[in-house]
Amino acid sequence: MSGKIKSRNAANADSIAGGVSCDERILRDCHRLYTDPDSGLIKVAETVGVKLLPPRKKITVMLMGNHSAGKSSFINWYVEEHIQRTGVAIETQGFSFVTSGRKRESLTGNATLHLYPHFKPLQEFKGVSEYLSTEICTSRQKRFSLVTFVDSPGLVDGDMKYPFDVDEVILWLGDLCDLILVFFDPMGQALCKRTLNIVESLNEKHGERLRFYLSKADEAGGEPDRQRVMMQIVQELCKRPGLNKCGFDMPTIYIPNPSKPSRCVNQIEEVCRSIEKTINQTVQNTLNSLEKDCELVSEAITETLSNDRQASLENRRARCKSCFLTLLGFSIPLTLLTLLVLGTLSKDLLEVAVGRQGIEVLSLYLTPVVRLFDSLSVEQQLYTCVGLALLSFLLLIVAQVSFRTQSTLLGKQKRQLQDKLGYVQEVVKTKKKKLYEEYLQQSVSDHDMDL
């Protein structure tokens, strides 16, 4: 196993040389510790009946809002490539995943679900599969290498019909996404009831993941107009009991355009900081989950070995008990047979067979039994013999039942479990500690690390 770890370190060195960020490498290494085909935590856990899920190598950020709210434009700005179509019309009719990769590629619904197997339950929503797509680009701007954007359809009220239940799909995706960005368009569609209803439902379960932004703030007119729009949106949100909370924040953002300077305060970097913070939290959560899963697997292996030792002990006790009952069951008919044989032999023949001293010993132990048996009537003697035979048969049955043992591990299986326990304790935990130190070294001084 130590050889496998060395080969992984070599691969990591190549990744670093390729310009992979520390956070990205940490998430990849954690993912590899889970999914390694030879000694991954998932495979080790399966041997002791524990099911683990591998951590994701990227965070998932969903953008939602009314149509023409600037969701696709923000993605294009963030990756610094023209990936998503933009415009006043409803350009995004389905759900589009935008992620980084080795080359520019567009994937359809089935390929998207193969790329993201944790999103496969989307197939259960009628009509969604045909409206799933993935855009892969090579951009590594900002923290895009650690982000998968989910661009949702523009939400509108009225007679607009979607080919699937867009509300339910967004709510389902909200359970899986790490961050949900809600864009409000100041040009008249911000108070879309469909948007507000979905936001209220998401807030009930994942309020900590929601972030609100007034998009296209430079198109809202002067400062008084922007303030008026924001007041209208905030008032509408506060009418919803679940959204009426202290500390409500809604930064103004717009896509910067050098050819169209604006005096409006642009807080678009706040969106980047929210994404950055979510990435950092995800790295910490992944490392913490790795430690917890190591403890879980170690406890499961230890418990399995302990249960096996207990089962072996119980099996030995069962065998001893079975042997004792078997001997007792056979001793009754043997005793009766002995009495019968001794009763038919003459005293001289017995003396020749066992000697005078043997006759004295037999007389000492068997005379009380013979006298008791002779004191019984013939019918009572018959019942006694039948009863002793049934008792003997019952003892043999109980002995057979007692001999049933529990299955135990083979010696090879025990050694394998011990090796896996040592691997988790010595290799995986050591690797996790090293990754945590590398993560902290990005922001903490060496002096504090020594503490």
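Reply: Start with strand pairing. This is a predicted model. Strand E1 (residues 59-65) pairs with E6 in the parallel sense, over five bridges.

Me: Which residue of E6 is the bridge partner of Val61?

Reply: Leu179 is the partner of Val61.

Me: In which sense do E6 and strand E7 (residues 210-214) pair?

Reply: Parallel, over five bridges.

Me: How should I read the side chains along a strand?

Reply: In a regular strand, side chains alternate between the two faces of the sheet. Now take E6. Leu179, Leu181 and Phe183 point one way. Ile180, Val182 and Phe184 point the other way.

Me: Are those residues of E6 buried or exposed?

Reply: All are buried. That is six of the six residues of E6 (residues 179-184), so the strand is largely enclosed by the rest of the structure.

Me: Now the helices. At what angle do the axes of H6 and H7 cross?

Reply: Roughly 30°, and the axes of H6 (residues 166-176) and H7 (residues 193-206) come within 10 Å. Angles under 35 degrees count as roughly parallel, so H6 is roughly parallel to H7. The crossing of H6 past H7 is right-handed.

Me: Which residues meet between H6 and H7?

Reply: From H6 come Val166, Asp167, Ile170, Leu171, Gly174 and Asp175. From H7 come Arg194, Ile198, Ser201, Leu202, Lys205 and His206. By class, the contact of H6 with H7 holds five nonpolar, three polar and four charged residues.

Notes:
Residues numbered from 1 in each chain as written. Predicted model: local features only at pLDDT ≥ 70, side-chain atom pairs only at ≥ 80, totals over all residues. Heavy atoms only, no water. Axes fitted to C-alpha atoms, helices over the stretch in contact; angles between N-to-C directions. Helix = DSSP H or I, 4+ residues; strand = E, 2+ residues; numbered from the N terminus. Parallel < 35°, antiparallel > 145°, perpendicular 65-115°, else oblique. Left-handed = near helix turned anticlockwise from the far one by under 90°. Contact = heavy atoms within 4.5 Å. Nonpolar A, V, L, I, M, F, W, Y, C, P; charged D, E, K, R; others polar. Buried < 20%, exposed > 50% of the residue type's maximum accessible area, 1.4 Å probe, protein only. Pairing = 2+ DSSP bridges.
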